[in-house]
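Okay, thanks everyone for coming.

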Amino acid sequence: MMGSGKSTVGKILAEVLGYSYFDSDSLVEQAVGMPSVAQIFKVHSEAFFRDSESSVLRDLSSMHRLVVATGGGAVIRPVNWRYMKKGLSIMLDVPLDALAKRIAQVGTASRPLLDQPSADPYTA
Ligand SMILES: Nc1ncnc2c1ncn2[C@@H]1O[C@H](COP(=O)(O)OP(=O)(O)OP(=O)(O)O)[C@@H](O)[C@H]1O
Ligand SMILES: O=C(O)C1=C[C@@H](O)[C@@H](O)[C@H](O)C1
């Protein structure tokens, strides 16, 4: 879920376990050669982003002793579950109103799925 604390909690968990930490959105940005998920969605498409995300998750799934903060939308593709099930998956269950407050604090410009007039109740 977007803004649920995957990066914050993932880094702490990796540190405590002595594991490596990876953020799959950052790895997709590196693989595509673009600075943000928002730009990848805009210049290419969500489907293009999801293809690259699946490829990143497939590569990560063959590694050991790592914590991965996935993109909030990684769960929508069944193939990604195959990769995530190679390890333990943790869902951060944050109440929607708390998520809305966190996202509103930084705005939706960097969030392509929320940065649309009809789907932007958080900053209204
Ligand atoms: N347990 C928590 N309690 C309160 N605030 C938190 C908690 N975890 C994270 N936050 C705050 O929520 C915001 C989003 O956190 P974070 O960037 O870790 O989420 P994310 O799930 O990685 O987000 P993204 O959807 O951008 O990948 C940050 O401002 C962070 O400081
Ligand atoms: O910030 C966003 O709007 C998004 C970023 C990625 O994590 C994606 O996985 C998510 O679906 C959308």
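Before anything else: this is a predicted model.

If you look at what covers the buried residues of helix 4, the list includes strand 1 (20-23), helix 2 (24-32), helix 3 (37-43), strand 2 (66-69) and helix 5 (78-84). And which residues of helix 4 are buried? They're Phe-49, Arg-50, Ser-52, Glu-53, Ser-54, Val-56, Leu-57 and Leu-60.

Now hop over to Ser-24, which is found in helix 2. Buried or exposed? Ser-24 counts as buried, because its relative accessibility is 0%. Leaving aside neighbours within four places in sequence, Ser-24 is in contact with Glu-53, Val-56 and Leu-57, and also with Val-68, Ala-69, Thr-70 and Gly-71. With Gly-71 there's a polar pair too: a polar atom of the Ser-24 side chain lies 3.2 Å from the backbone nitrogen of Gly-71.

Okay, ligands. Ligand 2 has 13 residues around it, and the closest are Asp-25, Arg-50, Gly-72, Gly-73 and Pro-112. You'll remember Arg-50 from the buried residues of helix 4. Here, a polar atom in the Arg-50 side chain lies 2.5 Å from an oxygen atom of ligand 2. Asp-25 has a side-chain N or O atom 2.8 Å from a ligand 2 oxygen, and for Gly-72 it's a polar backbone atom, at 3.0 Å from an oxygen atom of ligand 2. On its own, ligand 2 has 310 Å² of accessible area, and the protein covers 94% of that.

On to ligand 1. What surrounds ligand 1? That would be Met-1, Met-2, Gly-3, Ser-4, Gly-5, Lys-6, Ser-7, Thr-8, Arg-102 and Arg-111. By class, that's two nonpolar, five polar and three charged residues. Helix 1 (residues 6-17) gives the largest share of this shell, three residues.

With Thr-8 it's the side chain, with a polar atom 2.5 Å from a ligand 1 oxygen. Taken alone, ligand 1 exposes 630 Å², and the protein buries 56% of that.

That's my tour, so over to you.

Methods. Residues numbered from 1 in each chain as written. Chains lettered and ligands numbered in written order. Predicted model: local features only at pLDDT ≥ 70, side-chain atom pairs only at ≥ 80, totals over all residues. Heavy atoms only, no water. Buried < 20%, exposed > 50% of the residue type's maximum accessible area, 1.4 Å probe, protein only. Helix = DSSP H or I, 4+ residues; strand = E, 2+ residues; numbered from the N terminus. Contact = heavy atoms within 4.5 Å. Near = heavy atom within 4 Å. Polar contact = N/O pair within 3.5 Å; in protein donor to acceptor, adjacent residues only side chain to side chain. Areas by Shrake-Rupley, 256 points an atom, 1.4 Å probe, with all protein chains shown as cover. Nonpolar A, V, L, I, M, F, W, Y, C, P; charged D, E, K, R; others polar.
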